[in-house]
Amino acid sequence: MFVALAVGCRPGSRSVQQGERRIIVDMAGRTVEIPDVIDALFSGRHPIHAVYAFDTAITVNNVFRYSETEKKYLKRSFYEGKPYALEDASEEIIRLGPDIVLFADFLTPDNIERAEAIQEKVQIPVVLLDNDILNYKETLAFLGELLHKKEKAEELIVFIRTYIDPVLEKAKRIPDGQKKRIYYAEGMKGLNTDPSGSVHSQLIDLVGGVNVAQTDILPGKGMTGVSLEQVYRWNPDLILVWSGNFDGMDSYREIRTSPAWQNLDAVKRNAVYQVPWRPFGWIDRPPGLNRVIGVVWLANLLYPDMFPYDMTAVTQEFFHKFYHYDMTDMEAREIPNGQPSPPGLPDVQPDVYTPSAGGQ
């Protein structure tokens with residue numbers, strides 16, 4: 001059912017040119033008539049990073065409110081003068097009048113039905129993308145066809161073939177007894193999490209980690225509440241911290257400094273790592289193409305001998321190709337650093353955080 005854009009991407013696909021319009025089959029198998037050239041699109045949260053990789057100005061809406069430290073890495077054409085509006089803002093979509101509406105998600109019957117309902121309401125073509133990280137090469141090829149930017153699509157796909165595919169393949173061969181046990185700390189106090197099987201913690205599973213959380217998967221934004229006593233019982237080897245993409249790094253600061261956390265083995269060993277978030281989260285929030293660099297970073301962090309990437313070089317390459325930003329060496333060392341020292345926090349002992357050769 002799930003076929004690519006109907007311009008020859010896959011066997012059996014078709015494209016019918018009708019003057020300045022064309023008929024496509026989106027990645028959910030839906031037939032949609034769209035303008036041949038797309039000058040403006042309304043994006044949902046999940047596909048925004050992929051769209052930005054192709055075109056920094058084409059979106060008519062913002063899906064995040066960016067801090068100044070995040071804006072540093074983004075083109076002004078991406079965020080200036082555009083209203084904050086998400087998928088359910090039907091009236092705003094109509095007012096903005098884009099050529100198409102672009103959503104990305106798992107291609108379930110419920111999500112397909114939702115797209116159909118929105119299209120009926122706004123009377124603007126809605127195009128669905130596959131947001132499964134395992135299918136990102138196909139998604140990028142689809143967007144390349146959609147936006148008439150096949151060369152750019154191939155450039156991005158080559159990055160995934162070079163770095164992501166080998167990680168996912170090697171990770172499958174890590175013996176169970178050698179897998180790192182990880183607690184994914186979320187929320188302002190680090191006492192929210194997402195267990196194995198959640199899209200929000202998917203990278204832990206993919207790179208060969210063991211998610212210690214034994215909780216229910218919450219739909220939507222996730223973030224199941226847990227107690228500190230539970231975390232002590234799980235006793236992870238390592239703590240990954242998502243601090244809400246805030247410069248204050250509240251969760252990271254809480255775990256590093258609060259007396260309640262200090263007897264946890266991972267904290268004693270300084271095995272607490274802030275997930276990079278500029279300009280978008282590297283592991284999650286949202287679960288989009290932004291996670292591509294997160295796969296490399298997390299694999300290198302957990303298993304540096306198996307994945308001895310030069311994170312400075314890989315970060316520079318990713319930012320250049322996906323974010324149109326040429327990083328200095330200093331920036332490319334600072335951004336991936338999993339153990340930053342914001343004001344008020346003691347420095348981590350240098351023998352604890354050991355980056356791969358050639359990295360930070």
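Me: Axes are lines fitted to C-alpha atoms, for helices over the stretch in contact, and angles run from 0 to 180 degrees between N-to-C directions. What do the axes of α7 and α12 do?

Reply: This is a predicted model, where local features need pLDDT of at least 70, side-chain atom pairs count only at pLDDT 80 or more, and totals for chains, interfaces and linings use all residues. Residues are numbered from 1 along each chain as its sequence is written, and side-chain values use heavy atoms, without hydrogens or water. Now the axes. Those of α7 (residues 150-171) and α12 (residues 291-302) come within 10 Å and cross at roughly 45°. Helices (H or I, at least four residues) and strands (E, at least two) are DSSP runs, numbered from the N terminus.

Me: Why is α7 called oblique to α12?

Reply: Angles under 35 degrees count as roughly parallel, over 145 as roughly antiparallel, 65 to 115 as roughly perpendicular and the rest as oblique. The crossing is roughly 45°. That makes α7 oblique to α12.

Me: Which residues make this contact, and what are their classes?

Reply: Contact means heavy atoms within 4.5 Å. From α7 come F159, I160, Y163, I164, V167 and L168. From α12 come V292, V295, V296 and A299. The contact has 10 nonpolar, no polar and no charged residues. The classes are nonpolar (Ala, Val, Leu, Ile, Met, Phe, Trp, Tyr, Cys and Pro), charged (Asp, Glu, Lys and Arg) and polar (the others, Gly among them).

Me: What makes the pair of Y163 and Y309 edge-to-face?

Reply: Rings of Phe, Tyr and Trp (its six-membered ring) pair if their centres lie within 6.5 Å; planes under 30 degrees apart count as stacked, over 60 as edge-to-face and the rest as tilted. By this rule there are 20 aromatic pairs. Y163 and Y309 lie 5.8 Å centre to centre, with 65° between the planes, and form an edge-to-face pair. Y163 is in α7 and Y309 in the loop between α12 and α13 (311-323), 146 residues apart.

Me: Why are α12 and α13 called roughly antiparallel?

Reply: Their axes come within 10 Å and cross at roughly 175°. α12 and α13 are therefore roughly antiparallel to each other. V292, I293, V296, W297 and N300 in α12 meet M311, V314, T315 and F318 in α13.

Me: What makes α6 roughly antiparallel to α7?

Reply: The axes of α6 and α7 come within 8 Å and cross at roughly 170°. This angle makes α6 roughly antiparallel to α7. Among the contact residues are K137 and E145 of α6, and K150, R161 and D165 of α7. By class the contact has seven nonpolar, one polar and five charged residues.

Me: How many bridges join β4 to β5?

Reply: Two strands pair if DSSP finds at least two bridges between them. Three bridges join β4 to β5 (residues 100-105), and the strands run parallel. F42 stands opposite V101 in β5.

Me: What makes β4 and β6 edge strands?

Reply: The open sheet has the order β4-β5-β6. β4 (41-43) and β6 (126-130) each have a single partner strand, so one side of each is left without a neighbour in the sheet. Helix α5 (residues 109-122) lies across β5 and β6, running at about 160° to β6.

Me: In which sense do β2 and β3 pair?

Reply: β2 (residues 21-25) and β3 (residues 31-35) pair in the antiparallel sense over five bridges. They form a hairpin with five residues between them, and G29 in the turn has a positive phi of about 85°.
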